[in-house]
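Here is a short tour of a two-chain structure, one topic at a time. Keep the 3D view open while you read.

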Amino acid sequence: MPGAKVEFMRAVRALVLGACGLALTACASAPPSPQALAANDPYEAFNRQRLIFNGKVDRYVVIPTVGIYYFFVGEGGRRGVHNFLGNLSLPTIFVNDMLQGEVSRGGQSAARFIINSSFGLGGLFDPARKLGIYGHGEDFGQTLSVWGVGEGPYIILPFFGPSNPRDAFGLVTDAVIDPTNQIPMKQHIWWSAGREYFTFLDLKGQTYNTIQGIQRSSVDYYASLRSLYRQIRDTEIRNGRASKAEDLPDF
Amino acid sequence: MIKTVLRRNVLALGLVVAGIGLLGATPALAANPAETYVQDNIHKGLDILNNKSLSVEQRRQQFASFLLGLTDMKRIANFTLGQYRRGKDGTPELAAFEAAFQNYAVAVYQSYFAKYAGQTLKVTGSQARSPDDFIVATQLIDPNDRSGQAPLDVDFRVRTDAGKPVVTDFSVAGIWLALEERDQFTSFLGQNNGSIPTLVKHLDDLAKQYRNQ
């Protein structure tokens, strides 16, 4: 157990150091344009390069891998993987629900975890939904926002894509507080890597058509992604509740 | 047994939460003109897209005239230019942009709404931003949906100060389209020395691509 923990913490440290390195490299580049500053995106030039890099990773590594996954694993199997991964994330979602004071949503997460882990055979099936208990997402980035922490400048993380310092910190914190990472096992790093790998495949497979559609229809794909990310995060933070009328701009 | 108990508890919790929600909500006394407008008109657009007796070209034309009657396209076009709109009153490049935006918007929105053909729209409420600026909340309900997913939330921004109500923006699952377009266009213009003719050409190319899909 201590060995596994050390290994895991080393991976988290590498991610944090990588993000710091990125920020330093970005700071060393050319000064931001007035448009970039106005869009709260001072590292825009660097972010655009990072988006191109992520696009290449997607094109040459991720999409072919997703293709192989879709070829060998049928729809039912993929749904099972999706459900299983979703079930694993429920304890973290529950913690964040409670940290935000969302007791009823926390109750839903807990109920989903108990029902799907037992009657859903470890989370492969989703009987909770049949009972009318729907799932929702929650993460520590959202919790920080509810606590009043601002998002900070827009950044593109390598491999992960659109983010900001608050959400990037949330990503690392979620990994640390995830109870499944506390389960003693000899090769924890392989478990974590395998889980992240399949989460990545699942997410990329589900969003492939949408991303392609945005790329085709965009005047500026980078700006479109930035706008969509911010609006989606804002909706998630509000837990889907209607936007405040006064927050919308004048026409 | 556990299932029943859990279900009962969750349902009870849900009722309490719903009750709190009702207490907190501002009661709508009656449907305002914006709500009525959305309820009466949006389904017409969905009907056009769902009408299999029309040819592709007929459907495109009918949807275009429906959309242009429903929205204030000029106002939206001007909004999407952001700070690059300043000082362009009455210029040929602004007129060219408005025309290009209209073509682009019809192509994009048709493609967007076509995904929801066959679904029905239900107005669920509205909030007033000012006496003539409303946000009308609706839900798109798919009668054939077996997934058990919650209906899709679609909000419409409606202005009533132009003689008749007009839609100026809409959001799907919390994403406002005109806002997203403004972010794209101003970024594109920032990368291209603020050249509106370059943006017009780009919009024309995209609209052509959409029509050929």
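## Where the chains meet

Let's start with the contact between the chains: chain B brings 32 residues to it and chain A brings 31 residues. Being in contact here means that the C-beta atoms of two residues, placed from the backbone, lie within 7 Å. On the side of chain B that touches chain A, at least two residues each come from α1 (2-24), α4 (73-80), β1 (120-130), β2 (133-141), β3 (152-159), β5 (175-176), α6 (177-191) and α7 (196-211) of chain B. The largest share, eight residues, belongs to α6(B). These helices (H or I, at least four residues) and strands (E, at least two) are DSSP runs, numbered from the N terminus.

What is that side of chain B made of? It splits into 17 nonpolar, eight polar and seven charged residues. Ala, Val, Leu, Ile, Met, Phe, Trp, Tyr, Cys and Pro count as nonpolar, Asp, Glu, Lys and Arg as charged, and the others, Gly among them, as polar.

## How to read the model

This is a predicted model, where local features need pLDDT of at least 70, side-chain atom pairs count only at pLDDT 80 or more, and totals for chains, interfaces and linings use all residues. Residues are numbered from 1 along each chain as its sequence is written, while chains are lettered from A and ligands numbered from 1 in the order in which they are written.

## Chain A in outline

Chain A has eleven helices and two strands. Read from the N terminus, its elements go α-α-α-α-α-α-α-α-β-β-α-α-α.

Chain B holds an open sheet of five strands in the order β1-β2-β3-β4-β5, with antiparallel pairing. Two strands pair if DSSP finds at least two bridges between them. At the edges sit β1 and β5 of chain B, each pairing on one side only. Strand β4 (residues 166-172) of chain B joins β5(B) in the antiparallel sense over two bridges, and B:Val172 stands opposite B:Ile175 in β5(B).

## A look at B:Leu67

B:Leu67 is part of helix α3 (residues 56-70) of chain B. Why is B:Leu67 partly exposed? Because it has 19 other C-beta atoms within 10 Å. Leaving out residues up to four places away in sequence, B:Leu67 touches B:Gly45, B:Val106 and B:Tyr109.

Methods. A residue is buried if 20 or more other C-beta atoms lie within 10 Å of its own, exposed if 12 or fewer, and partly exposed in between; C-beta atoms are placed from the backbone.
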